[in-house]
Amino acid sequence: MVTAVADSTMAQNTTKETVAVVYQRMLPYHRDRFAAFSARLATSNIDCVAIQVAAMDSSYGQLTDEIPFTGEQLANERLITLFPAIDYLQLDPRDVAGAVCQCLQSLSPEYVFTPSPAFAEGAGALHYKIRAGGKLYLMDDAWAATDQRGWLVKAVKRLFYGYMDGGFLPAALHGEYFATLNIPLERQRYAVDVVGPVQSGSVVTPTEIADKPFILFVGRLIARKGLTTVLRAMAAIAAVDLQLVVIGDGPEALTLRQESIALGVESRVHWLGRRDNNVARQWMSRALALVVPSDYEQWGLVVNEAWMAGTVVLGSSTVGALQAALPDDMGWMKLPPADCNAWQRAILVLLSLSADERRYFVNAGYALADEYSLQRHVDSALSLMDLPARSRPPAMVGWLALVWQGKVAVW
């Protein structure tokens, strides 16, 4: 049974236009974005509602701040949790799609920002659009390197995306891909994937790393994150006393520790486990570089955090943030996935940087952080809302879309 949980101050105000933003579950960076967006909308007397499918999921491995999301902290926002006590991954897609659609019908928002209808919550938002109208905006960060689906899936997406009045995407790199999926370039805006400023935090440094240069990995310890590549690169430059700090946990933790022992680098690798996100960002500010050796990342918000912290980033060329944003003179930081030799060369370049060279790259990162900032995020969302509504697809497309219930999967 669907349960809606809302603050007592969340009574619907019918004198205002309403914007609804649909989430699987609100993570710290979602809260930052929603707070900034809601604050700007409030200046125009527009109500803003967050619809969160679930308050938790068992697969979430990224670091999280233990900061409550309440009406007292965010006076201008409303939050509705559809399944507050159930793991998101235990939900049935039909229940999720139905709950989202029902919630939107009760709110009657004029504008809805939603994940892809490939997911159940996005399917529910699409069903609302078909039945009730309004404007619907896709929030997605896939691109050609991360969405290798067949022609049938892409054909269905093109049909369903005809109901999208705009696409809220990370960068033009992603826009080129979505232009092939029936979201024209003129209906795209960017900077959907941003993070808020770092909060106060403290760092306890292991004694064995005090005053030693180190690189930092922050993320889930799963195979596709590619940490083995960095371990092997470090083993190849054993003459350099470079340390690696690993923040995060996951199913590959034991395997990776054993790999570090087999490679003979175990004394230079420091496994800190999960840490508060703000603590991780304090570590970033002290690292020689953040390493993001993933096989692929739709965007990679940890890159935004590193830019804000004044940290150089070395990462795979299939990390969306790096592929989309790095200028040519920073191309040496963008490496082929799983190429240990390339990682070895890049780490040696990193270690050879002069103080002036390092300052140049740090300042370039700050500029990129400004380009992908909360302010840019809000400006882009408002610009989408100003676009005229799009002509609806033929009725038969809507009939097909109403049959589709999406899937339950972490994105």
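Modeller: Here is a conversation about how the terms used for this structure follow from its values.

Modeller: Please keep in mind that this is a predicted model. The protein contains 14 helices and 13 strands, and 54% of its 411 residues count as buried.

Biologist: Let's start with one residue. Why is L231 called buried?

Modeller: Buried means under 20% relative accessible area. L231 has 0% relative accessibility, so L231 counts as buried. You will find L231 in helix α6, residues 227-236.

Biologist: What is L231 in contact with, leaving aside its neighbours within four places in sequence?

Modeller: L231 is in contact with L244, L256, E259, S260, L263, V265 and V269. Take L244 as one of them: L231 and L244 are 13 residues apart in sequence, and their C-alpha atoms are 8.5 Å apart in space.

Biologist: And T146, why does that residue count as buried?

Modeller: The cut-off is again under 20%. The relative accessible area of T146 is 17%, so T146 is buried. T146 is in the loop between β5 and α4, and, not counting residues up to four places away in sequence, T146 touches Y296, E297 and Q298.

Biologist: What makes Q282 partly exposed?

Modeller: Partly exposed covers values between the buried limit of 20% and the exposed limit of 50%. Q282 has 23% relative accessibility, so Q282 counts as partly exposed. Q282 belongs to helix α8, residues 277-284. Q282 and A306 are 24 residues apart in sequence, with 9.7 Å between their C-alpha atoms.

Biologist: Which residues of α12 are buried, and why do we say they are on the same side?

Modeller: The buried residues of α12 are F361, V362, A364, G365, L368 and A369. They cover an arc of only 155 degrees around the axis, so they are on the same side of α12. A355, D356 and D370 are exposed on the other side of α12. Among the elements covering the buried residues of α12 are α9, β12 and α10.

Biologist: Turning to strands, what is the order of the six strands in the open sheet?

Modeller: The order is β10-β9-β8-β11-β12-β13, and the pairing is parallel.

Biologist: Why are β10 and β13 said to stand at the edges?

Modeller: β10 (269-273) and β13 (334-335) each have a single partner strand, so one side of each is left without a neighbour in the sheet.

Biologist: What makes β12 and β13 a pair?

Modeller: Two strands pair if there are at least two bridges between them. β12 and β13 have two bridges, in the parallel sense. K334 in β13 is the bridge partner of G315. Helix α11 (residues 340-352) lies across β8, β11, β12 and β13, at about 170 degrees to β12.

Biologist: How many bridges join β5 to β6?

Modeller: Three bridges join them, and the two strands run parallel. L138 stands opposite G167 in β6. Both faces of β6 are covered: G166 and F168 on one side, and G167 and L169 on the other, are all buried.

Biologist: Lastly, at what angle do α3 and α14 cross?

Modeller: The axes of α3 (residues 120-132) and α14 (residues 395-403) cross at roughly 145 degrees and come within 9 Å. The contact is made by L126, H127, I130 and R131 of α3 with G398, A401 and L402 of α14.

Methods. Residues are numbered from 1 along each chain as its sequence is written. This is a predicted model: local features need pLDDT of at least 70, side-chain atom pairs count only at pLDDT 80 or more; totals for chains, interfaces and linings use all residues. Side-chain values use heavy atoms; hydrogens and water are left out. Buried means under 20% relative accessible area, exposed over 50%, partly exposed in between (1.4 Å probe, protein chains only). Helices (H or I, at least four residues) and strands (E, at least two) are DSSP runs, numbered from the N terminus. The arc is that of the directions from the helix axis to the C-beta atoms. Contact means heavy atoms within 4.5 Å. Axes are lines fitted to C-alpha atoms, for helices over the stretch in contact, and angles run from 0 to 180 degrees between N-to-C directions.
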